[in-house]
Amino acid sequence: MHREGRSVSRLSEPNRRQDRCAIAIMAKAPRAGVVKTRLSPFLTPDEARDLGCCFLRDMTENLALAAHEAAIDPHIAFAPAGSEAAFATIVAPGTGSVLADGSRPAPPGIEGFGRCLFQAAHALHDAGYGAVGLLNSDSPTLPTSFLVRASHLVAGRPDRVVLGPSIDGGYYLIVMAAPHAELFRAIDWSTDRVAAQTRTRAEQAGLELVDLDIWYDVDDPMSLRRLITELDGHGGQPTGHVPYAAPSTAAWVRDNRIANRFAPSERV
């Protein structure tokens with residue numbers, strides 16, 4: 001078990017981390033009725049859990065692929081405490097881990113999910129990383145190039161924050177050289193104001209903020225339909241970037257005939 005959010009990386013030694021970026025996927029333990037709850041009742045609790053596991057497998061594989069092109073070390077930032085073993089057979093080999101259950105003391109004004117984000121960022125920074133990224137667990141087709149570009153943009157720039165905005169007004173990725181508390185303070189988490197408020201906090205702190213291209217989260221039936229369309233090769237992205245193939249997710253969706261559950265007018 002890791003206490004107080006201490007990080008373990010299998011991809012780099014501690015004395016080499018200053019030149020690397022740790023990117024951690026914010027992940028709940030894969031338990032039915034706990035993960036991907038907004039997909040119910042379209043999916044059963046067991047199906048939602050299984051789909052969440054596929055997302056984690058694909059996203060950690062995607063991070064591992066990005067690590068071939070940039071100085072990135074993949075991690076999961078997990079909760080609750082003591083659940084680390086539940087991820088062992090799900091994530092890609094070589095994925096490190098860090099506790100992010102919100103238990104670490106945080107400055108005033110950092111509440112809710114912000115405490116989990118701050119804890120993960122602080123722990124990875126304490127482990128010696130020169131940059132830290134926090135990634136959602138809901139974007140299995142996120143282009144690998146986005147991860148690579150984020151790592152390059154923040155390298156050697158302690159005053160820069162890289163934000164990956166989501167269609168719903170949140171963000172799928174944030175990368176920074178240090179765990180700036182201001183970025184997590186007084187944020188209305190789980191609303192369409194998250195990205196805008198984060199930009200405001202960065203400006204107030206005197207930080208340069210660079211946006212990546214917009215992407216989407218899969219957290220309800222309609223965004224799941226969008227994902228299925230994309231996996232079938234019919235959903236071109238407005239950014240023109242090539243989505244990650246997400247093979248585990250694609251196989252699960254196909255084998256369980258999820259597309260057939262949509263009304264005929266909504267099917268791919």
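Buried means under 20% relative accessible area, exposed means over 50%, and partly exposed is in between, using a 1.4 Å probe and protein chains only. Keep those words at hand for the tour.

This is a predicted model, in which local features need pLDDT of at least 70, side-chain atom pairs count only at pLDDT 80 or more, and totals for chains, interfaces and linings use all residues. Residues are numbered from 1 along each chain as its sequence is written, and side-chain values use heavy atoms, with hydrogens and water left out.

**Stop 1: the sheet**

Start with a cartoon view and pick out the strands. Helices (H or I, at least four residues) and strands (E, at least two) are DSSP runs, numbered from the N terminus. Two strands pair if DSSP finds at least two bridges between them.

Now select residues 72-79, which form strand 2, together with strand 3: the two run parallel and are joined by 4 bridges. Which residue stands opposite Gly96 in strand 3? Look for His75. While you are on strand 3, show its side chains: Gly96 and Val98 point one way, Ser97 and Leu99 point the other way, and all are buried.

Next, select residues 131-135 and 171-176. These are strand 4 and strand 6, which run antiparallel and are joined by 4 bridges. Click on Gly133 and then on Val175, its bridge partner in strand 6.

**Stop 2: the nonpolar cores**

A nonpolar core is a set of buried Ala, Val, Leu, Ile, Met, Phe, Trp, Tyr and Cys residues joined through side-chain atoms within 4.5 Å. The largest one has 48 residues, and those with the most contacts inside it are Ile23, Phe87, Leu135, Leu147, Leu173 and Leu224. Among the elements that each supply at least two residues of this core are strand 1 (21-28), strand 4 and helix 3. Helix 1 gives the most, with 8 residues.

Zoom in on Leu135. Contact means heavy atoms within 4.5 Å. Setting aside neighbours within four places in sequence, the residues in contact with Leu135 include Ile23, Met59, Leu63, Leu147 and Leu173. A second, separate core of 32 residues includes Tyr129, Tyr171, Leu183 and Ala202.

**Stop 3: helix 5**

Select residues 221-231. The buried residues of this helix are Ser223, Leu224, Leu227, Ile228, Thr229 and Glu230. What covers them? The cover includes helix 1 (45-66) and helix 6 (247-255). After helix 5 comes Gly233, whose phi is positive, near 85°.

**Stop 4: two loop residues**

Asp138 lies in the loop between strand 4 and helix 3 (144-154). Is Asp138 buried or exposed? Asp138 is buried, with a relative accessible area of 16%. Show its surroundings: not counting residues up to four places away in sequence, Asp138 touches Lys36, Phe55, Met59, Tyr216, Asp217 and Val218.

Ala67 is in the loop between helix 1 and strand 2, and is partly exposed at 23% relative accessible area. Try the distance tool between the C-alpha atoms of Ala67 and Ile167: these residues are 100 residues apart along the chain, and the atoms are separated by 26 Å.

**Stop 5: salt bridges**

A salt bridge is a side-chain nitrogen of Lys or Arg within 4 Å of a carboxyl oxygen of Asp or Glu. A search of the whole structure finds 15 of them. Here are some to display:

- Glu47 and Arg261 meet at 2.6 Å, N to O. Glu47 lies in helix 1 and Arg261 in the segment after helix 6, so the pair ties together parts that are 214 residues apart in sequence. Glu47 is buried at 15%, whereas Arg261 is partly exposed at 36%.
- Asp126 and Arg104 meet at 3.0 Å, N to O. Asp126 is partly exposed, with 47% relative accessibility, and Arg104 is buried at 16%.
- Arg199 and Asp211 meet at 3.2 Å, N to O. Arg199 sits in helix 4 (residues 194-204) and Asp211 in strand 7.

Finish by selecting Arg157, Asp159, Arg160 and Glu208, which are linked in a network of salt bridges.
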